[in-house]
Amino acid sequence: MELQLLIGSLVTLAGSVFIFLGALGIVRMPDLYNRIQAGTKASTLGTILSVAGIGIMNPDWAGKVFILIAFVMMTNPVSSHTLARAAHHIGIALSKKTVVDKLKEDGPEENKKED
Amino acid sequence: MDVNIILALFLAVIMIVVAVAALMAKRVRTAVLAAGLVSLVASIMFLLLAAPDVAMTEAAIGSGLTTIIFFYVLNKIRRSDV
Amino acid sequence: MDSVKIILYIAGALILSGILLALWRFIKGPRTADRVVAFDLLTVISIALMAMVAFFNGRIIYLDVALVYGLLSFTGVIVVARFIEKGL
């Protein structure tokens, strides 16, 4: 029981470290797309890990914790994808260090046809 | 001191900062987003006050529905300063 | 039990400093899209914070509020994204 509490709290600590790194990336990154990536991927993993750690510490809550993890995994990438697509569509400038832009290479006409 | 009281003090300061940001905003969309953040923080405050049903209502209506309706109306208006 | 509580306090402090950093980006952010990114990050952080509050108070009913946020938080971001794409 003691070991279970220790493992759960360490998992929660790892998740909160990921959340902190995501928030640090949202401040430090140079342009919008890097901010979207840092702010969504790292914070999704951090939220999943910290909620899972609470589920490990309290095994009675495992069902609701599992549903919460499923919701976060389904909804968070959808919102970040929509936001990044809209930002590229209205032409927000990329960073100077960007190497490749596949969405621009594919051409805007094909993207508009799909809508 | 209880950990709930420290968290409530921190969240109250955050809430005042976001509300001032909503007042000082140049554009209307920034103010609407800040109002959504105010209701998000208010939801956590209701949770700390042991009222999970009120927090659930605040989450669904204050942070979800109000933002959607405001942006729907701003999409209808579409002036230069929104 | 004591070391577990200290680890959880450190985790809570990291989450609160993450809220401060995201709030700084929300206030400063030059465009609307930057503010929307900060808004999304704040809702996701608040889900973890609500789960931690539920553990500290020992009540499972508090997780339902986090569940509502997990379902509803992305609709606002999608609406704002469609708005700045001039479509809705």
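Student: What share of the contacts in chain C with a separation of 6 or more comes from residues 24 or more positions apart?

Tutor: This is a predicted model, and the values discussed here are computed from it. In chain C, the contacts to consider are those with a separation of 6 or more, and the part of them that joins residues 24 or more positions apart is 35%.

Student: Why is chain C described as more spread out than a compact globule, and what is its radius of gyration?

Tutor: Along its principal axes, the C-alpha trace of chain C spans about 55 × 30 × 10 Å. For 88 residues the globule rule gives 12 Å, and chain C is well over that value, so it is more spread out than a compact globule, with a radius of gyration of 16 Å.

Student: How many of the residues of chain C, as a percentage, count as buried?

Tutor: A residue counts as buried if 20 or more other C-beta atoms lie within 10 Å of its own. Of the 88 residues of chain C, the share that counts as buried is 61%.

Student: What is the radius of gyration of chain A, and how does it stand against the globule rule?

Tutor: Chain A has five helices and zero strands, and its C-alpha atoms fill a box of roughly 60 × 30 × 15 Å along the principal axes. The globule rule gives 13 Å for 115 residues, and chain A is more spread out than a compact globule because its radius of gyration is well over that, at 18 Å.

Student: Which pair of chains has the most contacts?

Tutor: No contact joins chain A and chain B, whose closest C-alpha atoms lie 14 Å apart. Two pairs of chains do touch, and the one with the most contacts is the pair of chains A and C.

Student: Which helix of chain C gives the largest share of the side of chain C that touches chain A?

Tutor: The contact takes 42 residues from chain C and 47 residues from chain A. On the side of chain C, helix 1 (2–28), helix 2 (32–57) and helix 3 (63–84) each supply at least two residues. The largest share, 14 residues, comes from helix 2 of chain C.

Student: Which helix of chain B gives the most to the side of chain B that touches chain C?

Tutor: Here the contact takes 28 residues from chain B and 28 residues from chain C. By class, the side of chain B has 20 nonpolar, seven polar and one charged residues. The element that gives the most to this side, with 13 residues, is helix 3 of chain B.

Student: How are helix 2 and helix 3 of chain A oriented, roughly parallel or roughly antiparallel?

Tutor: The axes of helix 2 (residues 32–57) of chain A and helix 3 (residues 62–89) of chain A come within 10 Å and cross at roughly 180°. Angles over 145 degrees count as roughly antiparallel, so helix 2 of chain A and helix 3 of chain A are roughly antiparallel.

Student: How many charged residues are there in the contact of helix 2 of chain A with helix 3 of chain A?

Tutor: Residues of helix 2 of chain A, including Leu32(A), Ile36(A) and Val51(A), meet residues of helix 3 of chain A, among them Val65(A), Leu68(A) and Asn76(A). By class, this contact has 16 nonpolar and six polar residues, while the number of charged residues is none.

How values were computed
Residues numbered from 1 in each chain as written. Chains lettered and ligands numbered in written order. Predicted model: local features only at pLDDT ≥ 70, side-chain atom pairs only at ≥ 80, totals over all residues. Contact = placed C-beta atoms within 7 Å. Helix = DSSP H or I, 4+ residues; strand = E, 2+ residues; numbered from the N terminus. Nonpolar A, V, L, I, M, F, W, Y, C, P; charged D, E, K, R; others polar. Rg over C-alpha atoms; globule rule 2.2 N^0.38 Å. Buried ≥ 20, exposed ≤ 12 C-beta atoms within 10 Å, placed from the backbone. Axes fitted to C-alpha atoms, helices over the stretch in contact; angles between N-to-C directions. Parallel < 35°, antiparallel > 145°, perpendicular 65-115°, else oblique.
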